Each structure stands twice: as structure tokens, then as C-alpha cells.
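This briefing covers the ligand site, the salt bridges and a few points of the backbone. Please keep the sequence and the model at hand while reading.

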Amino acid sequence: MKVKVDADRCVASGMCAFSAPEVFDQNEHDGVVVLLTELPSAEHHDAVRSAVRNCPNMVIAIEE
Ligand code: SF4
């Protein structure tokens, strides 16, 4: 799995960091998503898929 984010579209809701804290964080100043790894390990794939579903502005894209 490869993960990409379009930070320009991020509305800083924090749902991604809540769903998959090992993969997503938020900028401490404005809350915009920070991608911690483009290539999460298999144990985090379900959490990343959950983050994709939960993101309110379709910021996160994955290639399986
Ligand atoms: S869930 Fe989406 S909009 Fe919210 S912080 Fe993460 S990437 Fe940004």
C-alpha cells in the first residue's frame, strides 16, 4: 500500500490521526495533516482504509 495526501485540501479535522496515528499526524500550528510514512506496514492498512473513509474532504488516496 502506498499513501498520498493532498494537504492543500485538508480541513484539519484530525480524523486521519485518530484513525491511524502511526501513519498520520497533524501540524501543531494549523492542524493540517502530516503523513508520517508513505508505505505503512501491513498491520496498519485497515486503519489507513478507515482514515480514507473518515476524511471529510477526500484528502487521502491509496494505491493497493
Ligand atoms: S481527516 Fe482529512 S481533512 Fe481531516 S486532518 Fe486528516 S487529511 Fe485533513
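Leu36 is partly exposed, with a relative accessible area of 45% (buried means under 20%, exposed over 50%, partly exposed in between, using a 1.4 Å probe and protein chains only). The model is a predicted one, in which local features need pLDDT of at least 70 and side-chain atom pairs count only at pLDDT 80 or more, while totals for chains, interfaces and linings use all residues. Residues are numbered from 1 along each chain as its sequence is written, and side-chain values use heavy atoms, with hydrogens and water left out.

- Leu36 belongs to the loop between strand S3 (33–35) and H2; helices (H or I, at least four residues) and strands (E, at least two) are DSSP runs, numbered from the N terminus.
- Leu36 and Pro56 are 20 residues apart along the chain, and their C-alpha atoms are separated by 20 Å.
- Asp8 sits in the loop between S1 and H1 and is exposed, at 78% relative accessible area.

**Ligand and cavity**

- The residues surrounding the ligand are Cys10, Val11, Ala12, Ser13, Gly14, Met15, Cys16, Val33, Cys55, Pro56 and Val59, where a residue counts as near if one of its heavy atoms lies within 4 Å of the molecule.
- This shell has nine nonpolar residues, two polar ones and no charged ones.
- In these classes Ala, Val, Leu, Ile, Met, Phe, Trp, Tyr, Cys and Pro are nonpolar, Asp, Glu, Lys and Arg are charged, and the others, Gly among them, are polar.
- There is one cavity of 30 Å³ or more.
- A cavity is a set of points, on a 1 Å grid over the protein atoms alone, where a 1.4 Å probe fits but cannot get out, and its lining residues have an atom within 4 Å of a point.
- The largest cavity has a volume of about 110 Å³, a volume being the space filled by probe spheres set on the grid points, which are joined across faces, edges and corners.
- The ligand takes up the space of the largest cavity; a molecule sits in a cavity if more than half of its atoms lie within 2 Å of its grid points.
- The lining of the largest cavity consists of 16 residues, and Cys10, Ser13, Cys16, Val33 and Cys55 lie nearest its centre.
- By class, the lining of the largest cavity comprises 10 nonpolar residues, five polar and one charged.

**Salt bridges**

- The model has three salt bridges, each a side-chain nitrogen of Lys or Arg within 4 Å of a carboxyl oxygen of Asp or Glu.
- Glu63 and Lys4 form a salt bridge in which the closest N and O atoms are 3.5 Å apart.
- That pair links distant parts of the chain, with Glu63 in strand S4 (residues 60–63) and Lys4 in strand S1 (residues 2–5), 59 residues apart.
- Glu63 is partly exposed at 45% relative accessible area, and Lys4 is partly exposed at 43%.
- Between Asp46 and Arg49 the closest N and O atoms of the salt bridge are 2.8 Å apart.
- Asp46 and Arg49 are separated by about one helical turn, because they are three residues apart in helix H2 (residues 45–54).
- Asp46 is exposed at 58% relative accessibility, whereas Arg49 is partly exposed at 28%.
- Arg49 also meets the side chain of Glu64 in a salt bridge, at 2.9 Å from N to O.
- Glu64 lies in the segment after S4 and Arg49 in helix H2, so this pair ties together parts that are 15 residues apart in sequence.
- Glu64 is exposed, with 62% relative accessibility.
- A network of salt bridges links Asp46, Arg49 and Glu64.

**Positive phi angles**

- Ala12 is not a glycine, yet it has a positive phi of about 60 degrees.
- Ala12 lies in the loop between S1 and helix H1 (15–19), is partly exposed at 28% relative accessibility, and is among the residues surrounding the ligand.
- Met58, also not a glycine, has a positive phi of about 50 degrees.
- Met58 is placed in the loop between H2 and S4 and is exposed, at 67% relative accessible area.

Notes. 1 Å grid on protein atoms, 1.4 Å probe; cavity = no way out; pocket = protein on both sides within 12 Å on 5 of 7 lines; lining within 4 Å.
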